[in-house]
Amino acid sequence: MQQIRLYVKGLSYSQTQSGAYALVLGEENGERRLPIIIGGFEAQSIAIALEKDMNPPRPLTHDLFKNFADQFKITLKEVLIHKLQDGVFYSILVCEREGETHSLDARTSDAVALAIRFKTPIFTSEEILDKAGVILGEGQADAEKSKSSKTKSSEKSSSSPGLLSTQSLESLKKQMDEAVRNEDYERAARLRDEIEKREGNKD
């Protein structure tokens with residue numbers, strides 16, 4: 001399996017899911033983005049790890065895991081996002097201790113939070129990027145800035161969970177293309193998941 005390295009592009013607050021965030025991973029040396037919906041606690045942990053000057057008075061859960069691993073000489077070698085099923089990303093932690101390598105199942109949000117702390121590379125497969133990645137072309141960021149807030153509000157409401165199921169597949173695909181152009185990754189991820197669910201039911 002060809003592995004493609006990813007980096008953390010950013011976090012954005014979800015406008016359609018209370019307490020949820022969109023974690024955006026970018027393809028190294030490429031234009032594809034992988035948006036993943038995560039919870040508020042995980043988003044906070046990732047944000048704190050990215051902010052070098054922010055030190056919580058007590059260790060967060062991911063900090064504790066890092067301290068535990070360091071104490072017992074366990075190294076996190078890499079994180080691999082290896083599967084996408086029903087809109088859920090599955091990851092593994094590849095760890096090494098005393099020359100032996102072990103793989104542990106992990107939620108992708110936890111895996112990324114740990115990867116940042118261990119300064120460990122994050123990888124995924126070409127298959128997953130082809131399936132779930134979105135492409136941001138040149139000039140699209142400028143296009144987003146020219147959009148009015150009224151238009152954005154209308155677009156977000158049309159992708160609410162209750163309305164997605166009532167729309168045609170063709171309409172969903174057009175909306176996803178538009179969301180990508182506007183760099184609205186959280187909305188694009190929701191539309192992508194609905195499209196994948198419907199196309200999977202055809203098989």
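Which residues in helix 1 meet which residues in helix 3? In this predicted model, local features need pLDDT of at least 70 and side-chain atom pairs count only at pLDDT 80 or more, while totals for chains, interfaces and linings use all residues. Residues are numbered from 1 along each chain as its sequence is written, and side-chain values use heavy atoms, with hydrogens and water left out.

The chain contains 9 helices and 8 strands; helices (H or I, at least four residues) and strands (E, at least two) are DSSP runs numbered from the N terminus. Of the 203 residues in the chain, 43% are buried. Buried denotes under 20% relative accessible area and exposed over 50%, with partly exposed in between (1.4 Å probe, protein chains only). Among contacts (heavy atoms within 4.5 Å) with a separation of 6 or more, 56% join residues 24 or more positions apart.

Helix 1 (residues 40-50) packs with helix 3 (residues 108-118) at an angle of about 15°, and their axes lie 9 Å apart. The axes are lines fitted to C-alpha atoms, for helices over the stretch in contact, and angles run from 0 to 180 degrees between N-to-C directions. The two helices are therefore roughly parallel to each other, given that angles under 35 degrees count as roughly parallel, over 145 as roughly antiparallel, 65 to 115 as roughly perpendicular and the rest as oblique. The crossing of helix 1 with helix 3 is left-handed, that is, the near helix is turned anticlockwise from the far one by less than a right angle, whereas clockwise would be right-handed.

On the helix 1 side, Glu42, Ser45, Ile46, Ala49 and Leu50 take part; they meet Ser109, Asp110, Val112, Ala113, Ile116 and Arg117 in helix 3. The residues of this contact comprise 6 nonpolar, 2 polar and 3 charged. In this grouping Ala, Val, Leu, Ile, Met, Phe, Trp, Tyr, Cys and Pro count as nonpolar, Asp, Glu, Lys and Arg as charged, and the others, Gly among them, as polar.

The buried residues in helix 1 are Glu42, Ala43, Ser45, Ile46, Ile48 and Ala49. Their cover includes strand 1 (3-13), strand 2, strand 3 (32-39), helix 2 (61-71), strand 6 (100-107) and helix 3. Within helix 3, Ser109 is buried because its relative accessible area is 8%. Beyond residues up to four places away in sequence, Ser109 touches Ile38, Glu42 and Ile46.

Glu27 belongs to strand 2 (residues 20-27) and counts as buried because its relative accessibility is 11%. With residues up to four places away in sequence set aside, Glu27 touches Ile4, Arg5, Leu6, Tyr7, Arg32, Arg33 and Leu129. Leu93 lies in strand 5 (residues 88-97) and is buried, with a relative accessible area of 4%. Residues touched by Leu93 include Phe65, Leu76, Val79, Leu104 and Leu114. Leu93 and Leu76 are 17 residues apart in sequence, with a C-alpha to C-alpha distance of 6.9 Å.

Gln2, in the segment before strand 1, is exposed because its relative accessible area is 55%. Apart from neighbours within four places in sequence, Gln2 is in contact with Thr124, Ser125 and Glu126. The C-alpha atoms of Gln2 and Phe123 are separated by 9.6 Å, although these residues are 121 residues apart along the chain.
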